[in-house]
Amino acid sequence: SEIPNGLPWVGQDHRGPFKRSRSYLRSVFGTREMIREGYEKYSKNGRPFVLPNLFTGAEILIPPAQIDWLNEQNEENFSIIDTHKQFIRADYTMLLDQTTIHERIYKDAFRKNLTRRFYELLPPLAEEVEHALIGQAGTDPEEWKLIEGFKFWKRVVVQAVSSIFVGKPLCNDQSYLYYASRFNQNVMLKAGIIGTLPAFLRPILGYLIVCTDKYYHARCADITSPTIRERLNRHVEIASGKAKEVGTQPNDLLTWACADAVQAAQSGNAAKFSLDFLTRRLSLMNFTSTHSTGLNLNSMLVDILFASKEHGEKGLDGPTLMERVRIEIEDAYRIYCQTKDQNPNAGEVFLESLPTMEACFKETLRLRGFVSRIAMKTTTARGSQISVPTVGVVPRGIKIGVPVWGIHHDGEIYKNPFEWTADRWLDNGPMQRMPVGGGGTHEMYRSYIPFGYKATVCPGRFFAVNVIKLIASHVLLHYDIELPPNAERSGHQWWGTSISYGTEAKYLIRRRQGTSVSPKTEFASWWHKTV
Ligand code: HEM
C-alpha cells in the first residue's frame, strides 16, 4: 500500500542511513515510543501521522477529534473486516473458510443472548465459576497454591463461558476445556511472525506456524461434534414441526447456533448448516470471548494486589484496596442472598453494586489495554475516491485509525496518567458515571474507549465486564489471594502495536477459612450462602 506523500512519519529522529527501514524494524518492540511521539507532536495539534508497522504495513493515525468522521464511513469504503483479518492474520489463525471470511463473528449471539438476555445466563455461569475454582485452586484453607496468573484465569474463564457455549456435560469435560483454552493462546505472536514472512512463503510457513492451533481446534471439534449433530437434528425436527419448540432446548450457544444454521439453510445458505462450520464458529467464539477476558481479569487482579502491597509499604492508614473491594463484594452479596427469593433481578443488582471493583477495572482497561490504536478501518478500492480530512486522498489498502494509547495516557485528561489509580474513577462525578464499557452519551465518551468506538466497538463488552465481575467476586469471597514474597511489577510488553501486561505474574491462592462449598444442586444456589 502507498501512504500519500507529505504526511509526517514518526520514529525518524534517529541518526544514520535507512531511517524509514530502521523505524519499521523498531516497530517490532518499540511502537510505544513512536505512538507517544505522534500523539504529543501531531494528534494534540489536530494533525495525522504515519506509524511504521512491520507486521501489517504503515498506517495513518488521525487525530482523535476525527473519530466520529471515521466511525461514519461505511464498510464498502472503509472495511473493518479487512483490518481485523490483517491484524490477527485471520486467514491463517482463525480457521476462516468461504462462509466466514466475509463476515464479522456471529453478531446475533452477541446482541441478543450475550447482552440483552445476559442475566438469564447468570446461574449456570456462576455455578461453573465455582466448579472451575474448586478444580484449579482446591478447597483446602491450609494449603497455599502457587498459580500462574494468566494461564490460570484463562482456564477459569474458558470453563465458565463453556457453561453457556456448550452446556453440561461438555463444560466439565477436562479434555475439551484443555484444548479450548489452548486454541490461539499466542495468536498475536504468531500473527506478527506471519506478517513478516514474504508473501510466497506464507502458505507453507504460515500453515506450519498455526498447525498446533488447528490441532487444538480439531480435538475440540471431535469432542463436540456428536452433541452438535444431535442438536442440529433436533432443530431440523423442530423446524419441520415434528418436535416441540426451541424452548425445550438448553439455552446455550450450540442451541442458538443450530437454530441459526437451520434458518440459514432454509434461506439457501447451506454452508452454514455444516458440522464443520459450526465447530469452527464455536472455536472462534471461544477464542474471542476468553482470551481478552482472561488477560484483563489477570491484569486487574495484579493491579489490585500491587496497589494493596504498596499501601502497606507506604504505611498508609485505612483498609487496603483489596480489603475495600472485598468488603464491597461481601455487602452486595449479603443483599443478594437476602433478596434473591423475592427479587428475580437480585443477580443483576449484585453485579451493579460494585463501584470500587468497577473503578479498578476501568483503570486497568485504561492503562493495560491490549490495543494501541482503535477504530481501525482499511480503505477499499472505492476508498481511492475518498478524501480523508487532514490527510487528503488515500489509495486502496491503507489502514486508518486513532491512537487510543495516547488518549488513555494524556495528562490533560488523566492526572498522573502513567499511574494506576483506581480512585480517580470514584469522584462522585463524571469519572464515576462513565460506564465500564465506555460509550453512551456520557461527557467523557471520547476519552475512554478501551472497547473501541461506536461502529467498531467490541460486541462482547457487556458480557466481558460481567463475567470478570462475577469471577472476581467469587474469588474474593471464597479465596485468599496474595503476591509471592519479593514479587515485582512487570512492565508492559509491546509486540508491534499490541500490548500485554502481567501475563507472567504468579500469585498464591488458598480457600478462605469458614467458606463452604455449594451443595450439588441445580445451579448450586449461586455459591450457597457463605457470608
Ligand atoms: C475485557 C475484555 C475485552 C476487551 C478489552 C475487548 C476489547 C476489544 C477491542 C478493543 C476490540 C476492537 C475494537 C476496534 O476495532 O475498534 C474488540 C473487538 C471484538 N471483540 Fe472484544 N474485548 C473483550 C472481550 C470480548 C468478549 C468477551 C467477546 C465475545 C463474547 C468479544 C468479542 C469481540 C469481537 C467479535 C470483536 C470484533 C468485532 C468486529 O467484528 O468489529 N470481546 N474487542
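Modeller: Start with strand β5 (residues 374–379) and strand β8 (residues 399–402), which pair antiparallel over three bridges. Strands here are DSSP E runs of at least two residues, helices are H or I runs of at least four, and both are numbered from the N terminus. Two strands pair if DSSP finds at least two bridges between them. This is a predicted model: local features need pLDDT of at least 70, side-chain atom pairs count only at pLDDT 80 or more, and totals for chains, interfaces and linings use all residues. Residues are numbered from 1 along each chain as its sequence is written.

Biologist: Which residue stands opposite I400 in β8?

Modeller: K377.

Biologist: What order do the strands take in the five-stranded sheet?

Modeller: β1-β2-β8-β5-β3, in an open sheet with mixed pairing. β1 (49–51) and β3 (78–79) are the edges. Each has a single partner strand, so one side of each lacks a neighbour in the sheet.

Biologist: Which strands does helix α4 lie across?

Modeller: Helix α4 (residues 80–87) lies across β3, β5 and β8. Its direction is at about 105° to β5. Axes are lines fitted to C-alpha atoms, for helices over the stretch in contact, and angles run from 0 to 180 degrees between N-to-C directions.

Biologist: Before we go on, what does the chain average in pLDDT?

Modeller: The protein chain averages 90, and 94% of the residues score at least 70. pLDDT is the predictor's confidence in each residue, from 0 to 100. The model scores ipTM 0.98 and pTM 0.94.

Biologist: OK, the three-stranded sheet. What is its order?

Modeller: β4-β12-β9, open and antiparallel. β4 (145–148) and β9 (479–482) stand at the edges with a single partner strand each, so one side of each has no neighbour in the sheet. Neighbouring strands are turned by 35° against each other on average, direction ignored.

Biologist: How many bridges pair β4 and β12?

Modeller: Four, in the antiparallel sense, with β12 covering residues 506–511. L146 stands opposite L508 in β12. Helix α8 (residues 149–165) packs on this sheet, touching β4 and β12, and makes about 85° with the direction of β4. Contact means C-beta atoms, placed from the backbone, within 7 Å.

Biologist: Is α8 mostly covered or mostly open?

Modeller: Mostly covered: 16 of its 17 residues are buried. Buried means 20 or more other C-beta atoms within 10 Å of the residue's own; exposed means 12 or fewer, and partly exposed is in between. Just after α8, G167 takes a positive phi of about 70°.

Biologist: Back to β9. Is E482 buried or partly exposed?

Modeller: E482 lies in strand β9. E482 is partly exposed, because 15 other C-beta atoms lie within 10 Å. Not counting residues up to four places away in sequence, E482 touches Y507 and L508. The C-alpha atoms of E482 and L305 are separated by 6.8 Å, though the two are 177 residues apart along the chain.

Biologist: Last one. How many residues sit between β10 and β11 in their hairpin?

Modeller: Two, and G496 in the turn has a positive phi of about 65°. Four bridges join β10 (residues 492–495) to β11 (residues 498–501), antiparallel. Q493 stands opposite S500 in β11.

Key. Contact = placed C-beta atoms within 7 Å.
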